[in-house]
Amino acid sequence: QVQLVESGGGSVQTGGPLTLSCVVSGSRFSMDTMTWYRQPPGKQREYVAAIGSGGSKNYADSVKGRFTVSSDNAKKTMYLQMTNLKPEDTAVYYCYADRVVNVEGDTVTFWGQGTQVTVSS
């Protein structure tokens with residue numbers, strides 16, 4: 001059974017750094033794309049950043065220049081290095097992964113349980 005487990009969340013003051021990790025377990029195959037989402041209090045879940053199996057990266061405008069997504073394929077782990085954190089970054093951060101399973105392009109998708117990040121002013 002494939003599981004995604006996030007860690008590294010916590011409380012930090014404005015301007016501080018934090019690094020999140022997402023470990024994939026139970027899968028014989030590497031994921032095609034891994035993505036970070038977040039859900040601020042009282043708001044809908046939103047896209048943060050993604051990394052493809054080839055190393056391509058993409059970021060939401062709100063985090064560009066402050067957050068860096070990376071992965072270690074050998075460890076089946078994705079990271080999110082967050083710097084210059086702002087109160088509006090406060091959210092539950094979720095890890096998402098998907099993998100194409102056939103030539104028709106069908107995919108399987110997985111979500112982690114989330115990790116809380118709180119930024120205080």
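## Reading contacts, burial and rings

Colleague: Let's start with contacts. Which residues does Pro-40 touch, not counting residues up to four places away in sequence?

Modeller: Contact just means heavy atoms within 4.5 Å. With that rule, and leaving out residues up to four places away in sequence, Pro-40 touches Glu-46, Thr-90 and Ala-91. Keep in mind that the model is predicted, with pLDDT of at least 70 needed for local features and 80 or more for side-chain atom pairs, while totals for chains, interfaces and linings use all residues. Numbering runs from 1 along each chain as its sequence is written, and side-chain values use heavy atoms, with hydrogens and water left out.

Colleague: Where does Pro-40 sit, then?

Modeller: Strands are DSSP runs of E, at least two residues long, and they're numbered from the N terminus. Pro-40 belongs to the loop between S4 and S5. Its C-alpha atom is 9.7 Å from that of Thr-118, although 78 residues separate the two along the chain.

Colleague: Is Pro-40 buried or exposed?

Modeller: Buried is under 20% relative accessible area, exposed is over 50%, and partly exposed is in between (1.4 Å probe, protein chains only). Pro-40 has 8% relative accessibility, so it goes down as buried.

Colleague: What about another loop residue, say Ser-27?

Modeller: Ser-27 is in the loop between strand S3 (18-25) and S4. With a relative accessible area of 11%, Ser-27 is buried too. Ignoring residues up to four places away in sequence, Ser-27 touches Val-2 and Lys-76.

Colleague: Which side chains make polar contacts with the side chain of Arg-38?

Modeller: A polar contact is a pair of N or O atoms within 3.5 Å; within protein, one must be able to donate a hydrogen and the other to accept it, and sequence neighbours count only if both atoms are side-chain atoms. The Arg-38 side chain has a polar contact of 2.6 Å with the side chain of Glu-46. The side chain of Tyr-93 makes another with Arg-38, at 2.9 Å.

Colleague: And the aromatic rings: how many pairs are there?

Modeller: Rings of Phe, Tyr and Trp (its six-membered ring) pair if their centres lie within 6.5 Å; planes under 30 degrees apart are stacked, over 60 edge-to-face, the rest tilted. That gives five aromatic pairs here. Take Tyr-37 and Tyr-47: their ring centres are 6.0 Å apart and their planes are at 80 degrees, so this pair is edge-to-face. It links distant parts of the chain, with Tyr-37 in strand S4 and Tyr-47 in strand S5, 10 residues apart. Tyr-37 is partly exposed at 21% relative accessibility, and Tyr-47 is partly exposed at 29%.

Colleague: What is the geometry of Tyr-37 and Trp-111?

Modeller: The ring centres of Tyr-37 and Trp-111 are 5.1 Å apart and the planes are at 50 degrees, so the pair is tilted. Since Tyr-37 lies in strand S4 and Trp-111 in strand S10 (residues 107-111), the pair ties together parts 74 residues apart in sequence. Trp-111 is partly exposed, at 38% relative accessibility.

Colleague: Which residues form the aromatic cluster?

Modeller: One aromatic cluster is made up of Tyr-37, Tyr-47, Tyr-94, Tyr-96 and Trp-111.

Definitions and conventions. Helix = DSSP H or I, 4+ residues; strand = E, 2+ residues; numbered from the N terminus.
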